[in-house]
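Me: Please take a close look at one loop in the model below and at the strands around it. I would like a connected description, with the chain as a whole as background.

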Amino acid sequence: MSSWITVCGLDDIEQEGARRFDHQGRTYAIFRSPDDEVFCTDGLCTHEAVHIADGLVMDYEVECPKHAGAFDYRTGAAKRLPSCINLRTYPARVEEGSVLVAMPVTGA
């Protein structure tokens, strides 16, 4: 079960950019693609727990700022070593200029 929450405005994220947000004690990352789609992943690199939203975002990938591992932010797939564990992804959408993410409901 999940609940849609408003995270930020679409204009708060650069095209081919990322933004970190925290919710219920966890860190997430929101990505804005070149065609204005939005995607959400866990916010920490699976290799070294570095904030992935601080990495370089280009061509539907985000590069970890610490060791240059890369992930496809649309699917969470690890694309380049040393990252070999995929990021978890969450449904995201834009509604009336706001970015919404479906967050798991705790205790459900």
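Reply: Strands here are DSSP runs of E with at least two residues, numbered from the N terminus. With that in hand, the loop to look at is the one between strand 3 and strand 4, where Ser 33 is placed. The model is a predicted one.

Asp 35 also has its place in this loop, with strand 3 covering residues 26-32 and strand 4 covering residues 38-42. The two strands form a hairpin with 5 residues between them. In the turn, Asp 36 has a positive phi of about 65°. The pairing of strand 3 with strand 4 is antiparallel and extends over 5 bridges. Within that pairing, Tyr 28 stands opposite Asp 42 of strand 4.

Ser 33 is buried because its relative accessibility is 0%, and the cut-off for buried is under 20%. Leaving out neighbours within four places in sequence, Ser 33 is in contact with Gln 15, Glu 16, Phe 39, Tyr 60 and Tyr 73. Asp 35 has a relative accessible area of 46%, so it is partly exposed; a residue is called exposed over 50%. With residues up to four places away again set aside, Asp 35 touches Gln 15 and Tyr 60. Gln 15 and Tyr 60 are also among the contacts of Ser 33. As for Glu 16, its C-alpha lies 8.8 Å from that of Asp 35, with 19 residues separating the two in sequence.

Strand 4 is mostly covered, with 5 of its 5 residues buried. In a regular strand, side chains alternate between the two faces of the sheet.

Strand 10 (residues 92-95) and strand 11 run antiparallel and are joined by 4 bridges, and Ala 92 has Val 101 of strand 11 as its bridge partner. Strand 11 (residues 98-104) is mostly covered, with 5 of its 7 residues buried. Strand 11 is also joined to strand 1 (residues 2-9), again antiparallel, by 7 bridges. In that pairing, Cys 8 has Val 99 as its partner.

Now the background. The chain has 11 strands and 0 helices. Of its 108 residues, 39% count as buried. A compact globule with 108 residues would have a radius of gyration near 13 Å, and the chain agrees because its value is 13 Å. Along the principal axes, the C-alpha atoms fill a box of roughly 35 × 35 × 20 Å. Among contacts between residues at least 6 apart in sequence, 42% join residues at least 24 apart. The accessible surface comes to about 5900 Å², and carbon and sulfur atoms hold 45% of that. The chain carries 10 positive and 17 negative charges, whose mean positions are 7 Å apart.

Methods:
Residues numbered from 1 in each chain as written. Predicted model: local features only at pLDDT ≥ 70, side-chain atom pairs only at ≥ 80, totals over all residues. Heavy atoms only, no water. Buried < 20%, exposed > 50% of the residue type's maximum accessible area, 1.4 Å probe, protein only. Pairing = 2+ DSSP bridges. Rg over C-alpha atoms; globule rule 2.2 N^0.38 Å. Contact = heavy atoms within 4.5 Å. Areas by Shrake-Rupley, 256 points an atom, 1.4 Å probe, with all protein chains shown as cover. Lys, Arg positive; Asp, Glu negative; His and termini not counted. Charge placed at Lys NZ, Arg CZ, Asp CG, Glu CD.
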